[in-house]
Amino acid sequence: MRHLLGIDGMTRDEVEHLLDLTAHFVEVNRRPIPKVPALRGKTVVSLFFEDSTRTRLSFETAAKRLSADIMTFTASSSSVKKGESIRDTVQTVSAFGVDAIVVRHGSAGVPVQIRQWTDAAIINGGDGWHEHPTQALLDAYTIRDHLGPLDGRHIGIVGDIKHSRVARSNMWAMTALGARVTLVAPPTLLPADIGGWPVSVVHDLDRVLGDLDVCYLLRMQQERMTEALVPSMREYSAEFGLNLERSRRLPEHALIMHPGPMNRGVEIAPEVADLPNAVITEQVANGVSVRMAVLFQLLGSGSQLESFDRGGSA
Ligand code: NCD
């Protein structure tokens, strides 16, 4: 694996390998000093053309815990404001000598496109509606951690599927791992063509609640909606929001998940987000370990891993 551009097309073995690697870094992150020298001398740059809290901080934390140097680029405070192109920006950043570029952009395909302008490994930190692979990996890890292998598990992804790169990457990851995915949304929040997707679709959350092992709620991405796709947020919430009453109809072991940022009171009721089976902050915590695994896989060398297992600081 030279880049991480998306989950679509990855094999089950490749996904599982990254989750197994994540488990090593979860252990590292539990140590009093959660830092290993694995990527000393490597430089990672986060190139974010779109806003982010979790993904960016998480990659930066991951790089630091692997002892890599990290450079941060934010489009809103860069020469992009002066009209510099993505190509010139990537070539400028590459000229500093970077080993990996984590890129987030509002347009699908930008991570694939920039490969030709740099020798650095490219990691997709979210591109338009297309993919957000590390989010799917941290979600799959979180589920596996609680429920064991995903084989045969039923995962409901609820809400604004149309604008969601998280839904797409998760659907590929979870089905690759043997889970059954049901998309739950009103027809207006589904993409026009989902013929080739390995999923079932229902328009009624109440119909599937009792059968779900995971209820995965998506944020209503109002900034991406150019027309009124739901009558009102209140009506959306009444039909598709996970309120307390609905949460009680989930099986007892079922997990409640959300990629963040949450709109409390829209897709998820405020008190539901704080239930014991809502693992939303665990998802965030696992995000650091997953991103350490990805950076290590792309930039590290396998022999170093053994020294982490011994608790060593090579
Ligand atoms: C998501 C994103 O930006 O794709 N957030 C995240 O990375 N955790 C989901 C969202 O914005 O709704």
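## How α1 meets α10

In this predicted model, helix α1 makes a right-handed crossing as it passes α10. On the α1 side, the residues that touch are H17, L18, L21, T22, F25, V26, V28 and N29, and α10 answers with N286, V288, S289, V290, M292, A293, V294, F296 and Q297. Sort that contact by class and you get 11 nonpolar residues, six polar ones and no charged ones.

As for geometry, α1 covers residues 12-30 and α10 covers residues 280-299, and the two pack at an angle of about 120° with their axes 8 Å apart. That angle is why α1 counts as oblique to α10.

## The four-stranded sheet

Now for the strands. Four of them form an open sheet in the order β2-β1-β3-β4, and the pairing is parallel. At the edges sit β2 (69-74) and β4 (121-127), each with pairing on one side only. On average, neighbouring strands in this sheet are turned by 15° against each other, ignoring direction.

Zooming in on one pair, strand β1 (residues 43-48) runs parallel to strand β3 (residues 100-105), and five bridges link them.

## A helix across the strands

Which strands does helix α3 lie across? Helix α3, made of residues 86-95, lies across β1, β2 and β3. Relative to β1, helix α3 runs at about 160°.

Definitions and conventions
Residues numbered from 1 in each chain as written. Predicted model: local features only at pLDDT ≥ 70, side-chain atom pairs only at ≥ 80, totals over all residues. Heavy atoms only, no water. Axes fitted to C-alpha atoms, helices over the stretch in contact; angles between N-to-C directions. Parallel < 35°, antiparallel > 145°, perpendicular 65-115°, else oblique. Left-handed = near helix turned anticlockwise from the far one by under 90°. Contact = heavy atoms within 4.5 Å. Nonpolar A, V, L, I, M, F, W, Y, C, P; charged D, E, K, R; others polar. Pairing = 2+ DSSP bridges.
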